[in-house]
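Have a look at the picture, then dig in.

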Amino acid sequence: MPNYKALYQEVILDHNKKPRNYGTLENASHEAVGHNPLCGDHISVALSLDCERIPCIMFQGESCAICKASASMMTVAVKGKTRADAEILIEEFLAMATGKLDLEQPNHIGRLEVFAGVCDLPTRVKCAILPWHTLQAAFNSVTSTSTEADKDPMHAPVGNT
Amino acid sequence: MSAVHLAVDPSSASAFDVESVRADFPILQLQIDGKPLVYFDNAASSQMPQPVIDRLTRYQTMQHANINRGVHTLSEIATSEYEAARSKLQRFINAREEREVIFTSGTTDGINLVMHGYGRKFIKAGDEIILTSLEHHSNIVPWQMLAEETGAVIRVVPINDAGELLIDEYEKLFNGRTKFVGLIQVSNALGSINPVKQMIAFAHSHGVPVLVDGAQAVPHMPVDVQDLDCDFYTFSGHKLCGPTGIGVLYGKAALLEKMQPFKGGGDMILSVTFEKTTYNSIPHKFEAGTPPIAAAIGLGAAVDYLLAIGMDAISAYELELLNYATAQMIRMPGVHIIGTAKNKASVISFTVEGVHPHDVGTLLNQEGVAVRTGHHCAQPVMRHFKVPATSRASFAFYNTLAEIDALIAGIRSLQKVFA
């Protein structure tokens, strides 16, 4: 059986209560809003790209604890990194959330491993990946994205599409 | 808050013999994550008692063939059992005639049938369709599709903060262009029971036909379509202890006869040539193709089961569950009941401060408690209450006061996790 307690562990509850990099970003060069129409949740991600590096990234929106903590930890993880590194992380996170990442192999997941348990809760996978889809959309200058249709992890390959 | 305050002592649990009822539902013995299943998602779909499961098995093992066409014994048996199910459903809702009962795939299918069969034939540009703010998406979207196609206009009855329809506002919406009314009898999102009989009478005083979405009403209370005098009434089998994939559309014979078919195919015709097809009489005109025969027979067994317990007894016991849960939840700090209509079916939509409904649902599931979380296919309702979503506990007659205690304990425990 899935271990829900493992999912709602301290670090996730902490990021939910005190989200990092929460708010609006003045002069963002890239931004997007992500929707999960199944629950009505939405978050926006705004960042500035400077020579392919991400000096600033912020998010805000209405969402569950899993989504908010995922967004908060995502901003912490990618801030200061290059776009290319962030895109590798997006791919690895999406693979982990859908149970397709072998955590025994070298990867860049680090503290984000607290979300590994979400792959046992199919209805919650979308909560965890919404911020990452939204970040990808922002990189690609797509202003709005969702967890449905071709972005649905249950029906489509995930990654940089 | 105008919710019912009625403290009920668990030891005073009424004469209703819930333990013997529970013994009929094998699924209630399940454990979820090591905890006994507490199934409070009945408004989404109810569970099936053993007599219905047995009836399905008997049909598939001894009676199955296609209906209507065969002259062989099995086909005759299947046809007569299918028609016997129609007759049971006719009595269940007290329709005047069997031919007024059309088997559909469910409530959504029934509404779409009326939209295509009646709406597309009789509703024109500029005509007005009245719906309520409490409608399920299934009684909104088909009419929007019709409005888009024909240029008809949708008018919406507002609600108050208790989740009750504003009947004065409803009556003000009528004018010479009003051509159709769609009403939900019991709100799936909030549990509000709407005064549909009064609303139907008012529509009829303007010569306007009314469709009632009874999906959440038939499982909880006796329904008499002649007493309501509705023109159409539709519901699903799977919320009524029956199988999925089956439902009923009741329509007054005179209206059904005037309507155009919804789907074309076998069984709905009298004769076919490439020049001209003559349609079959009702109800067959609306039952194209091989219907879900087993599911219809299963639904017949389900209404037999419910009638043996008695819809009045079910209604009274579920009210006891509702009052017991409401009395406790109303006192819980940080818990808000959304929808406090004076007349409610056994549905409690609620929010927990600081905890998103999806987290509520996941954490309650950890205690074995199954609730629904989300917008319940009623986004206009959610918007009225300015919440993106709620958690919803919906009780059936096989639930117990002790299970409600488990829900309350589960909410307290998740509040601690998020404290």
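A polar contact is a pair of N or O atoms within 3.5 Å; within protein, one must be able to donate a hydrogen and the other to accept it, and residues adjacent in sequence count only if both atoms are side-chain atoms. One more thing before we start: this is a predicted model, where local features need pLDDT of at least 70 and side-chain atom pairs count only at pLDDT 80 or more, while totals for chains, interfaces and linings use all residues. Residues are numbered from 1 along each chain as its sequence is written, chains are lettered from A and ligands numbered from 1 in the order in which they are written, and side-chain values use heavy atoms, with hydrogens and water left out.

**Exercise 1.** Work out how chain A and chain B meet, beginning with their polar contacts.

*Step 1.* Between the two chains, seven residue pairs are in polar contact, both residues being at pLDDT 80 or more.

*Step 2.* On the chain A side, helices H1 (4-7), H2, H3 and H5 (122-139) each supply at least two residues that touch chain B; helices (H or I, at least four residues) and strands (E, at least two) are DSSP runs, numbered from the N terminus. H2(A) gives the largest share, three residues.

*Step 3.* Sort that side by class and you get 13 nonpolar, two polar and five charged residues. Here Ala, Val, Leu, Ile, Met, Phe, Trp, Tyr, Cys and Pro count as nonpolar, Asp, Glu, Lys and Arg as charged, and the others, Gly among them, as polar.

*Step 4.* Counting contacts (heavy atoms within 4.5 Å), 20 residues of chain A go with 15 residues of chain B. The buried area, meaning the accessible area (1.4 Å probe) that two parts lose on being put together, summed over both, is about 1,500 Å², and carbon and sulfur atoms give 56% of it.

**Exercise 2.** Find the salt bridge across the interface of chain A and chain B.

*Step 1.* The rule asks for a side-chain nitrogen of Lys or Arg within 4 Å of a carboxyl oxygen of Asp or Glu.

*Step 2.* Over all chains, the search finds 24 salt bridges. Among them is A:Arg83 with A:Glu87, at 3.2 Å, N to O. These two are four residues apart in helix H4 (residues 83-97) of chain A, so about one helical turn separates them.

**Exercise 3.** Which residues lie nearest the centre of the second largest pocket?

*Step 1.* On a 1 Å grid over the protein atoms alone, a pocket is an open set of points where a 1.4 Å probe fits, with protein on both sides within 12 Å along at least five of seven lines; lining residues have an atom within 4 Å of a point.

*Step 2.* The lining has 25 residues, and A:Asn16, B:Glu353, B:Gly354, B:Val355 and B:His356 lie nearest the centre.

*Step 3.* H2(A) makes the largest contribution to this lining, five residues. By class, the lining holds eleven nonpolar, seven polar and seven charged residues.
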